[in-house]
Amino acid sequence: MTFKIVGETKPNTFAFETSALVKPTGFREYDARWWFGHPGSDKAPELNLIGVQALGMGLGTLIHRLGVGPDIVVGHDFRSYSMSIKLALTAGLMAAGARVKDIGLALSPMAYFAQFALDTPSVAMVTASHNENGWTGVKMGAARPLTFGPDEMSALKKIVLEGDFDLIGGGAYEFVPDFRKTYLDDLTKGHRISRKLKVVAACGNGTAGAFAPEALERIGCEVIPLDVELDHSFPHYNPNPEDMHMLHAIRDKVLETGADVGLGFDGDGDRCGVVDNEGNEIFADKVGVMLARDISAIHPNSVFVADVKSTGLFATDPVLRRNGAKTDYWKTGHSYMKRRVTEIGAIAGFEKSGHYFFNPPIGRGYDDGLVTAIAICEMLDRNPGRSMADLYRDLPLTHGTPTMSPHCPDELKYGVVDRVVADFAAMKQSGATFAGQKITDLITVNGVRVVAEDGTWGLVRASSNKPEIVVVVESPVSSERRREMFNGLDAVLRRSPEVGAYNQTF
């Protein structure tokens, strides 16, 4: 099989139909993402179906070499091209001897659940998550509840790009019927709230529309659906609960209907965003603090994990301290967080993007937006005289930003971040002031988190799944200090001309 890198093979040509197009940058830190293309776009594709077949052969080869057995779950999200990609991936897996169990249209957490329910060690979920239409990708794992990290992704990349396949044959295919019901039954078993909650369920016309409303109704909520009809053109906004367009739409519906809470789900259902009953769009890290308070009251001395984009309240909140809770700040990314939660035996992990990871007795260690939604409803159920806005007001006030992402090519973004880290290390060593104050701490576990004397902090890191840099700022002091920190970070970033415009600011 011939391999071509993007730019050498164009659609509607002989070469495109006879060789595998696999752009190397699509193999990311902990999953795979490529621009597949869609009608009306003039952006060159980074992957074709023969390339997907090669990816399947590579993944089948890798799980064989890892010694985890040939059985693997596959599923796909609701996009116009996802089923064809899954079938090409399946053909490649079977050629490498994999025994494929196809659960059909699915959420990513439904595929992770299938690893347990079907006693199957490996998973390959075809999804681009919250990425815009035209993107595709695969979330993979071979050690439930974990998904691949950098070591496995590097090994897979090497196998595929070098064509180093073990095509041993002997593969098999089985379609698993009615698995949606199996998943929803397990998800809602034993969960029934007594408080009458009116809940907006917003799905951005993505896959979660086929799951979230029913799950919430089963636990006793009155559900107000918002954009739950499946429509892979995403006619209103991208299904991404970190995107202010989606949060604004949820806010408007909550205020219009007098709902108790608004819950938003991303394209593959592993994340959940929240708007309170007064229309406040609560960033997911603050919701995490609220849930950590609730969990640590039931389970004293709980250990939590928070990603480096998250609020400093996990370390400073007086209620968490009183409950004996401890929080470990770790690398951003669903695979990194899952692994860390498992390694240190944390009861839960919280990521600013809305990925939450609950270990027993709440969950199975993987990220599931519907498990999160149920946990939020149960938190409200345990506080019958208080609204979501009341619980939010109880938190110490901080001034945070949404996740902001200036464009930067995949081939250049890590170099940019390395230079930013070096710049801040030099500033700290020299005792220079930054954004009006001295730097008291640099957390460099994932990019750099710069902490000033008054606790104001800013983060710069490379996005793991898009050609972007990620910037987040928070101040416990004032919105002015938040602005000063952002302006300072942005000035350092702008020393690199390859950094482009932000997707959103504040």
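Analyst: The following account takes up the pair formed by helix 15 and helix 16. This is a predicted model, in which local features need pLDDT of at least 70 and side-chain atom pairs count only at pLDDT 80 or more, while totals for chains, interfaces and linings use all residues. Residues are numbered from 1 along each chain as its sequence is written, and side-chain values use heavy atoms, with hydrogens and water left out.

Two packed helices are described by the angle between their axes and the distance between the axes. Helix 15 covers residues 410–430 and helix 16 covers residues 479–493, helices being DSSP runs of H or I with at least four residues, numbered from the N terminus. Their axes come within 10 Å and cross at roughly 120 degrees, where axes are lines fitted to C-alpha atoms over the stretch in contact and angles run from 0 to 180 degrees between N-to-C directions. Helix 15 and helix 16 are therefore oblique to each other, since angles under 35 degrees count as roughly parallel, over 145 as roughly antiparallel, 65 to 115 as roughly perpendicular and the rest as oblique.

The crossing is right-handed, meaning that the near helix is turned clockwise from the far one by less than a right angle. Where the two meet, with contact taken as heavy atoms within 4.5 Å, helix 15 contributes Val416, Val420, Asp423, Phe424 and Met427, and helix 16 contributes Leu489, Val492 and Leu493. These contact residues divide into seven nonpolar, no polar and one charged, with Val, Leu, Met and Phe among the types counted as nonpolar and Asp among those counted as charged.

How values were computed
Helix = DSSP H or I, 4+ residues; strand = E, 2+ residues; numbered from the N terminus.
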